Amino acid sequence: MKYYRAHVLICSGSNCAIKGCQTIKDALVAVLNKHELQSEIKVVDTGCLGWCEQGPSMVIYPEGVMYSRLKNSDMDEIVTEHLLKGRFVHRLMTQSTDTLGLASPLNMTPFFQKQRRVVLKNCGLINPERLEDYIHAGGYTALATALDKYAPEEIIAMVLDAGLRGRGGAGFLTGKKWSYTKAALGEPKYLICNADEGEPGTFKDRLILEGDPHLIVEGMAIAAYAIGASKGIIYVRGEYDLSIKRMEQAVLQARENGILGEGVLGSGFNFDIEVCAGAGAYVCGEETALIESIEGNRGEPRFKPPYPAEKGLWGLPTCVNNVETLANIPAIIENSPTWYRSLGTENSPGTKVFTLTGNITNSGLIEVPMGITLREIIYDIGGGIPQGRRFKMAQTGGTSGGCLAEEHLDLPMDYDSLASHGSSLGSGALLIMDDSHCILDLTHCFLKFFVHESCGKCTPCREGTPALYKLIGKMTAGQGNQDDLELIHRLARTMQDSSLCALGQTAPVPVLSAFRHFWPEVEAHMTGNCLAHKCFSGRGSKHDH
Amino acid sequence: MIEAPNKRSAQIDVFVGQPGGMLKALHALQSQSEANFLSPADIKLVASKFGVPVAKVWGTVTFYSLFATTPRGRHIIRVCENAPCHVVGASDILAALEQHLKIRAGGTTTDGLFTLEATSCLGVCGVAPAIMIDSTVYGNLTKEQLPALLAEYRQEAQA
Amino acid sequence: MKSLNELKSLRERLEKGQQLAEKPLRTIIIGMGTCGIAAGARGVLLAIMDELAAKNLSDTAVTQTSCIGMCEKEPLVEVVVEGKSTLYAYVNGEKARRIVLSHIINGEPVTEWSVERALGGRV
């Protein structure tokens, strides 16, 4: 096999050939021959690299540098500067590659181009089972810096300045939550990482736990230092087998290397983490239910107040933060709150991890600055709707979120914009549905979930969820009438006003948003018409097994 | 086969006295049970070990979906039926499994090999529709793939 | 580790180590997150190990990473040869063996299975 010290990839796809790739290639080969580099540098014809709009382009390896909008006259400079002297020709480099450390043309694909990876910077790139890989990628620098340079109060101030809001769904200011726990009386204080990810369509936390477990250890250690907690618990849902294993391993590695335990990194701060597995209950994602579950009980929410900041685990001050929230902390400490605020929007700074599911070409997980539009996510990153179908609706924030219609495609994705349209950013789940789906059939499916997951402690939720499910089922069976509509509205209001926790309070959200944004379709069911031809199959609703 | 109570008891001794140890004890007992469930004897055992009423243990066990109080098959097949799987055809997968195994969701095959459960989101929606057999997740499923997948488990059971 | 300085020096050592160490000529990285495993990454891993052993390719390192976010394209396999990386999508055991033969042995990436192609949807 022959070895070359560099490879130049030039697209020979039909699209680009029109824009002159072939002549660029000829010009490059001529210059290489002139410098007698043909035995050292290989020119490779590739298929279309997929960024035709950038004009003739090439990628040079091993650096993975991409040049575009090339002219024949640029070849001399590329060869003499880049290939001979190793200096990049910055004026021809169109896109910076700093969003992703990957030396791959993948960086340039629309899937990655619009992403900004802060939380996911290591995911899919490092070996998550090796502490060395994490440290090599810059890991634990933020923790060491925090312990070395800042007082706990300063860390809280930084997180407040950054404007980081809780990524589990509620969007409460993280710095504020920390300051409440710090101010509370009682010892020891607990820091809990909420990894009981159960919102349908959400798997961001799993991916972070699996892909970069040390990032969570680091985020937790910094948070614990800030609030004065000596004990940390990661509560991972029981179904996440690999997440539990990887977290346990990371905690062990950190402990063996002086990052956890007595005197973290040689400082006077003591902190250790325990990994705790859930047993299958969606409601345990609610922070007080989660605390009950850690105590070994039924995971039922507690009455609030008192809030966990005052009386949490074992009656002691406790702070519960979501996985993604904690994963943002090291980057804030390392880069400054100002840097963090440069991402995202005024009221929702930073990035957000979204999970794309449903009828979308590139389903999976992305991280983008807050405020990006739904259209950009679906069409630029997600690759659009497959099988030539049309976009019909998107449910944001998981099953407890609302459905948005086509007219909302240009809505910025942040906490406040979504809330003003009867939906929520929630956990970052984005369920995309094409025009083959019926809004009521789906609403029925959402409600079935709540019937199954209602814990039964409070009446509005325990009785309300099955009643709503039945009423919507009646409509999908073609038996709904005006009285039912009236009843649905009253029931929804009662549940929102009087349920004990967010489960019962948000269960009516998908119903109300369906009525608000898809009223003609809902109404058609009253006269025996399902516009998507999903309902009235003669056997009632298809969800009744 | 019913195991000797003292053996079951030894399996949970380490959790007694641990704060919040009861859930861990229940996890341990179930994972070491032949029929993948917690028997009334197990529940009484946990109650006496932890010094709490049987009703409290019973209430806890029945609260969580990962615990069962009736005998189950050797392998638990969990089929997600939430919206992200639903919109890409999860109901077809469940129907195909029901037909192939000749049981309904919640049932156990006559040979005691499989229990079929409809469940909430498994968190692998990126590869929906997905099912979980024990702790292994299978994604991007089509109903055509199911017979071969189940055959692997059957072969393993015979070997 | 006892301090920020110690962490820094460890990181420098690791960096140097990466530069100095005999780097494997070729690396195959398999996405082993839950989604990868769910889509069949274990079978792919076994096929690759098996094919490498059969062809005596001891200079090729096999390692793992987690999910990069393109769950639907799993199993994903990245092949790095001389710093040039190719990411393959929808890999199965059979494709994995062909990737070893074509890309590792003959130095010819199997471009039709690359993820750039797959980003337009399943082919």
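Helix axes here are lines fitted to C-alpha atoms over the stretch in contact, and angles run from 0 to 180 degrees between N-to-C directions. The model is predicted.

Start in chain A with two helices. H18(A) covers residues 459–476, and H19(A) covers residues 482–498. Their axes lie 10 Å apart and pack at an angle of about 155°. Angles over 145 degrees count as roughly antiparallel, and H18(A) and H19(A) are therefore roughly antiparallel to each other. Their crossing is left-handed.

Now look at the residues that meet. H18(A) contributes A:Pro460, A:Cys461, A:Gly464, A:Ala467, A:Leu468, A:Leu471, A:Lys474 and A:Met475. From H19(A) come A:Asp484, A:Leu487, A:Ile488, A:Leu491, A:Thr494, A:Met495 and A:Ser498. By class, this helix contact has 10 nonpolar, 3 polar and 2 charged residues.

Next, move to chain C and its contact with chain A. Here 34 residues of chain C touch 48 residues of chain A. H1(C) gives the most, with 6 residues. The chain C side holds 12 nonpolar, 15 polar and 7 charged residues.

Chain C also touches chain B. That contact takes 8 residues from chain C and 8 from chain B. On the side of chain C that faces chain B in this contact, 5 residues are nonpolar, 1 is polar and 2 are charged.

Key:
Residues are numbered from 1 along each chain as its sequence is written. Chains are lettered from A and ligands numbered from 1 in the order in which they are written. This is a predicted model: local features need pLDDT of at least 70, side-chain atom pairs count only at pLDDT 80 or more; totals for chains, interfaces and linings use all residues. Two residues are in contact if their C-beta atoms, placed from the backbone, lie within 7 Å. Helices (H or I, at least four residues) and strands (E, at least two) are DSSP runs, numbered from the N terminus. Ala, Val, Leu, Ile, Met, Phe, Trp, Tyr, Cys and Pro count as nonpolar, Asp, Glu, Lys and Arg as charged, and the others, Gly among them, as polar. Angles under 35 degrees count as roughly parallel, over 145 as roughly antiparallel, 65 to 115 as roughly perpendicular and the rest as oblique. A crossing is left-handed if the near helix is turned anticlockwise from the far one by less than a right angle, and right-handed if clockwise.
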